[in-house]
Structures are given as structure tokens and as C-alpha cells.
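Please go through this model with me, and for each label that is applied to it, set the value beside the criterion.

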Amino acid sequence: MTISIAPTDHDRLLIIDFGSQVTQLIARRLRELHVFCEIHPFSAVDEAFLAAFNPKAVILSGGPASVFAEGAPRPPEKVFELDVPVLGICYGQQVMMEMLGGKVERGHKTAEFGRAFVTPEAEKLDLLQGWFTTDREQVWMSHGDHVSKIAPGFKVFGTSPNAPFAITADTDRDFYAVQFHPEVHHTPNGAKLYENFVRLAGFKGDWTMSAYREEAIAAIRAQVGDEKVICGLSGGVDSSVAAVLIHEAIGDQLTCVFVDHGLLRKGEAEEVVTMFRDHYNMPLIHADEKELFLGELDGVSDPETKRKIIGKLFVDVFQKHATEVGDARFLAQGTLYPDVIESVSFSGGPSVTIKSHHNVGGLPEKMGLKLVEPLRELFKDEVRALGVELGLPKSFIGRHPFPGPGLAIRCPGEITRQKLDILREADAVYIDQIRKHGLYDEIWQAFVAILPVRTVGVMGDGRTYDFACALRAVTSVDGMTADYYPFTHEFLGETATRIINEVPGINRVTLDITSKPPGTIEWE
């Protein structure tokens, strides 16, 4: 059993997912408008589900399928009988037209992929309020098939060169359909379309972190009662916000276990212990297990082997120290809504969990604990907003992401204590430079990787033979894709000079300018 904070006193919008890669962006756009929404795969939505969910509006997502394919995904007919506004996007438009009496044809010459421009028809549409301030609107298309005949009751309100029915609507029934993706960055005015849709649907916009905080606290108390809870505290934003929220709900019934594996950044362990034990006065077990982890990692160079060793040791160490609490019945963890979405196949078939938390994986089954997951309804940016609401320092909430395996995957090749010490110092100088230049909040993630090579250098007229390091800094929205941050040459020169002068053991600094894809953000 896991806790659910799904609201009952808020208007709810249902997003039916047909497998689009950007469905999560729809939900994020709506949450930004203070509208509570949930994504559910089409295979899970039937009449009973619709009755229980009771949506105030429905959005049909895009997807890779063709309406002509055998077993093509469809929403239940009941969706169009709920007497609520419905918005179909890309595949969602096509399946809406097909089900309501229109016609869809295969693409070929009418396919559109990428930037396109939609021009308006003469008649105005409330959905498009604030659009077409010029004679055309930039949108992002990604379709092969296209609507060739709109369903009865629909009219055309926008066209593109290869999509004569780019924007259609049946205003009597509040049905709207667009061939493009308004949720993506490349449809610059797309957020306005969603704003208009939820306004037409009558949403109050009452989904706030203040309201969520109160609902979550009540739900945690109802689930936990007077039982004890243990929380795996990594020091990252997600687990920290979860810990503070649960502590506000149940006080000293919560004990946090912070596993210090020796792979943290400079001063990080002390910062975590000081903040949670001293500032928040939480019961905290500081499990100093550096020797165990570094001993097991000695001589290991394969990145997957590193991850497996760290993950297994986390489970063992956490279980050992959790027994010190005694009679705990619940395990708290910082599972987020994207984790929930990505662990469910949109087609309803077997799926692979995209992300698991290395420090709690396998623990509930092994320890017989029930889960408390108070953040499972939230996106990453909402967790940060909740953290601010709970009073966590903004400097902490705004920290760049840090991987579960820590510096182990920023140290390609064999891990040694010497290399980790050098890496910590170099990383501290680099982040200090970024802060001094006022760039920290512009960058999604920045770090130093120490390379598994030594290079010849000259310092003070003497020969050196020390390590090389790589600077990495990327811009991103959610980490799914990323581009390198364009530092000035002046910044890079100054930073390289500081690292070489201040960090014994490094005599060469390089810059990683690989985007994701084809690379990954972390080196391993």
C-alpha cells in the first residue's frame, strides 16, 4: 500500500495517454496553471474509471500509432458523453475525428515533422484567445497521418500547408482538436492555448503547494497513525522535502537514516547532518560507512558494476541501521510523479521501471514495510515549490541534481581515495566560480569529472605528471535532453587557472561540450 494524495476537493483534469513522448509536458503545463491533472494510459480508462475519476475536462494525448493499425488505441466512447470539454492533440485529434464520424488518411506527402505555421480562419474561437497576433502562429508538428474530413458539428479554425484541419472545434459540445503539440517549447504560444482551455472548462486554479501541503499532512497522519516511519535520506532535494513534510505531520515518529558512503561532495555530509539534526531537530542516524563502500569499490572500474555494488550496499546498510529504530512499520521515500508515470506502460503491457532509487530499492520487500510516498503526485519543479512552502532554504532547494551513486560515476575508471579527494576540491572550485559569476541558476547541472589519465605538465619550471579533469555544465528542463552551457572564454580561462593553482593533483583542464543525446549528462 502506498499513500495517495490525489485530491478530492479539487477539480480534476484527465489526460488519456496514447504513448506520446511529451505527454508529461501536458501535465506540467496544466500544473503551472494550478490545475490538478493526472495521466492515465488509455488501456486503464474505462467507464468505471471515468465515473470514479469524475473529470471536469479530458485531454487526449498524441501517440505513435496510426488509427488504421489493428488494435489502434482508443478512448472509451463514454469520454464523448461526459458533457465536459475534450481536447484532442495530434493522434488525439485523429482518433477523435475517426470516432465521431470524420475521416483520417495516411500521410506520405502531407506528413509534417518539426516547425510549421498555422494561419487562422475568419471565424473566431475562444480557445485561440491571444493567438494570431500576426497573420500566422508557429507550432510544432509531428504527424504522418492527417485528418481529411472533420466530424459532423466541427468547424475549421486554423490551417497549415499540410494540415487543412490543423485546428478544429465543435463549440456546441466543447470539443476541440489540434494537429500540433501545444505543450512543447517549439510551439511558443502553446501555454496560452492550455490556459484558454482550462478557463473554458471552468477550472478554479486552486491547485497550490499550500493546499497540497495541508492535504498531504492529513493523508500521512491518516495512513501512519501512531506507528514509526523510517526515511532513507540521501541529502538530495526529493528525499529532503519528503522528510521535512513527514516530520511536520508526525514529528518524532519519523527517524531518518543518512548513509554516508564516502562519495559525496565537499562538506555535504556535514551540511545534511547539521540541517536535519540541528536545524529541524529530527531523529537522525548518521551511518558513516565510508570504509565499507570504498573498500568494496577498490579496484572496480566498470560503471555498471560500481552501481550494483553501491545499490546492494545501500540496501544492506540501510537495513542494518533501520533496525536501530525498532518496530518501524513504514518506509518513506521521495518517489515523484514522473517515476510513477514511467513505470506504467501506456499500452497496459509489461513495462520496465525507468528510474529506481538506489538507496531504497528492494527494501520494502526485504523488510516487510509499507511505503509512504507523499511526493508521488508531484513533478520536480513542484517538489521545489513545496520545499519553499515548507521553509527549506532556497539555496538548498535550488541545488543542482546529484546522482545516487555520487562521485563514483564522476570518476571514470578505478576509484581511489586520492582521486575522490582531488575531485571534491576541483568540483568545489568550479561551483564557486559559477556562483561568483552569477551563473548557478542559469545552469541545470554542473560538475567536474576526473579522468582516468595522467598528463605531463610544467609548474614552477618543474615537470608534473598529474590527472586531467573535465568541466561539465548543461542546460535542460527535465534532464531528458540537454545542451552544454556556453561559458565565455574568460570564465573558462579563469576557472582552469584556479583549479590548477588550487588543487594539487590536476595539471590539465578540459571542457565537455557534448549534448544529450548523443551523450549522457553524467560520464558513467
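The questions and answers below take up a few residues, helices, strands and cores in turn.

This is a predicted model, in which local features need pLDDT of at least 70 and side-chain atom pairs count only at pLDDT 80 or more, while totals for chains, interfaces and linings use all residues. Residues are numbered from 1 along each chain as its sequence is written, and side-chain values use heavy atoms, with hydrogens and water left out.

Q: Why is Asp170 called buried?
A: Buried means under 20% relative accessible area, exposed over 50%, and partly exposed in between (1.4 Å probe, protein chains only). Asp170 has a relative accessibility of 4%, so it counts as buried. Asp170 is found in strand β10 (residues 163-170), strands being DSSP runs of E with at least two residues and helices runs of H or I with at least four, numbered from the N terminus.

Q: What makes the pairing of the side chains of Asp170 and Arg173 a polar contact?
A: A polar contact is a pair of N or O atoms within 3.5 Å; within protein, one must be able to donate a hydrogen and the other to accept it, and residues adjacent in sequence count only if both atoms are side-chain atoms. The two side chains make such a contact at 2.7 Å.

Q: Which residues does Asp170 touch, not counting residues up to four places away in sequence?
A: With contact taken as heavy atoms within 4.5 Å, Asp170 touches Pro152, Gly153, Phe154 and Phe175.

Q: How do you know that the length of α6 agrees with its number of residues?
A: The expected span of a helix is 1.5 Å times one less than its number of residues. For the 14 residues of helix α6 (residues 237-250) this should give 20 Å, and the end C-alpha atoms are 20 Å apart, which agrees.

Q: What makes a set of residues a nonpolar core?
A: The term is for buried Ala, Val, Leu, Ile, Met, Phe, Trp, Tyr and Cys residues joined through side-chain atoms within 4.5 Å. The largest such core has 51 residues, and Ile230, Tyr430, Ile434, Ile443, Phe487 and Ile499 have the most contacts inside it. Helix α14 (residues 417-436) gives the largest share of this core, eight residues. A second, separate core of 44 residues includes Tyr212, Val272, Leu375 and Ile397.

Q: Why is one side of β14 and of β16 left without a neighbour in the sheet?
A: The open sheet of five strands runs in the order β14-β13-β12-β15-β16, with parallel pairing. β14 (284-288) and β16 (370-372) stand at its edges, each with a single partner strand, so one side of each has no neighbour in the sheet.

Q: How do you know that β12 and β15 pair?
A: Two strands pair if DSSP finds at least two bridges between them. Strand β12 (residues 228-233) and strand β15 (residues 328-332) pair in the parallel sense over four bridges, and Ile230 stands opposite Leu331 in β15.
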